[in-house]
Amino acid sequence: MEEGYDKVGSLLRYGPKPYLTRMFNEDTYDQAVLKYMANEKCGRMEAQGNMDCFFDNAQDWALAKMIEKKGGYKRDYAKLDQKQAALSVVWGIGVTLVIVSIVNDIASGNYCANSPDANFCRFI
């Protein structure tokens with residue numbers, strides 16, 4: 001039997017939504033994968049890729065499946081694009097650093113010391 005990919009694989013392929021689904025609703029995720037495998041008679045990797053895409057954006061996934069059934073492009077949902085994964089990691093680190101910096105400035109009082117007239121500082 002084909003092995004699927006782990007939770008980090010979901011995060012790298014389709015972002016935080018399917019990753020969080022796997023973290024907090026693991027039974028729901030596994031049942032969706034198993035049901036897709038049974039209905040489509042496919043392997044676990046393909047089923048996981050489809051369910052990750054579904055949990056990320058169900059409407060786009062449904063549209064792509066409808067186009068596929070009409071003879072259109074068949075996308076490989078399980079394929080990990082190395083370039084996209086690297087860009088996602090870099091963006092994730094960058095966004096995290098910015099958020100941590102903002103929270104640190106607010107928590108330490110530096111934000112209001114430098115901008116005392118800011119709307120946020122009026123409530124503190």
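Which residues in α2 meet which residues in α4? In this predicted model, Lys-17, Pro-18, Thr-21 and Arg-22 of α2 meet Gln-48, Asp-52, Phe-55 and Asp-56 of α4. By class, the residues of this contact are two nonpolar, two polar and four charged. Helix α2 covers residues 16–24 and helix α4 covers residues 44–56. Their axes come within 7 Å and cross at roughly 110°. An angle of 65 to 115 degrees counts as roughly perpendicular, and α2 and α4 are therefore roughly perpendicular to each other.

Thr-21, one of the α2 residues in this contact, has a relative accessible area of 16%. Buried means under 20%, so Thr-21 is buried. When neighbours within four places in sequence are left aside, Thr-21 is in contact with Glu-26, Tyr-29 and Phe-55. Glu-40 lies 19 residues from Thr-21 in sequence, and the C-alpha atoms of Thr-21 and Glu-40 are 22 Å apart in space.

Helix α4 also packs with α5, at an angle of about 130° and with the axes 5 Å apart. This angle makes α4 oblique to α5. On the α4 side the contact is made by Asn-50, Met-51, Cys-53, Phe-54 and Asp-56, and on the α5 side by Ala-58, Trp-61 and Lys-65. Five of the residues in the contact of α4 with α5 are nonpolar, one is polar and two are charged. Asp-56 of α4 takes part in the contact with α2 and also in the contact with α5.

Lys-65 belongs to helix α5, which spans residues 58–69. With a relative accessibility of 10%, Lys-65 counts as buried. Apart from neighbours within four places in sequence, the residues in contact with Lys-65 are Tyr-36, Asn-50 and Tyr-77. Asn-50 is also one of the α4 residues in the contact of α4 with α5.

Aromatic side chains form a further set of contacts. A pair of aromatic rings is described by the distance of the centres and the angle of the planes. The structure holds four aromatic pairs. In one of them, the ring centres of Tyr-29 and Phe-55 are 5.9 Å apart and the ring planes lie at 35°, so the pair is tilted. Tyr-29 is in helix α3 (residues 26–40) and Phe-55 is in helix α4, so that the pair links distant parts of the chain, 26 residues apart. Tyr-29 has a relative accessibility of 1% and counts as buried. Both Tyr-29 and Phe-55 are also in contact with Thr-21.

The rings of Phe-54 and Trp-61 form another pair, with centres 5.3 Å apart and planes at 80°. Planes over 60 degrees apart count as edge-to-face, so this pair is edge-to-face. Phe-54, at 31% relative accessibility, counts as partly exposed, whereas Trp-61, at 14%, counts as buried. Phe-54 and Trp-61 also belong to the contact of α4 with α5, Phe-54 on the α4 side and Trp-61 on the α5 side.

Ring pairs link Tyr-29, Tyr-36, Phe-54, Phe-55 and Trp-61 into a cluster. Of these residues, Tyr-36 is in contact with Lys-65.

Definitions and conventions. Residues numbered from 1 in each chain as written. Predicted model: local features only at pLDDT ≥ 70, side-chain atom pairs only at ≥ 80, totals over all residues. Heavy atoms only, no water. Axes fitted to C-alpha atoms, helices over the stretch in contact; angles between N-to-C directions. Helix = DSSP H or I, 4+ residues; strand = E, 2+ residues; numbered from the N terminus. Parallel < 35°, antiparallel > 145°, perpendicular 65-115°, else oblique. Contact = heavy atoms within 4.5 Å. Nonpolar A, V, L, I, M, F, W, Y, C, P; charged D, E, K, R; others polar. Phe/Tyr/Trp six-rings, centres within 6.5 Å; stacked < 30°, edge-to-face > 60°. Buried < 20%, exposed > 50% of the residue type's maximum accessible area, 1.4 Å probe, protein only.
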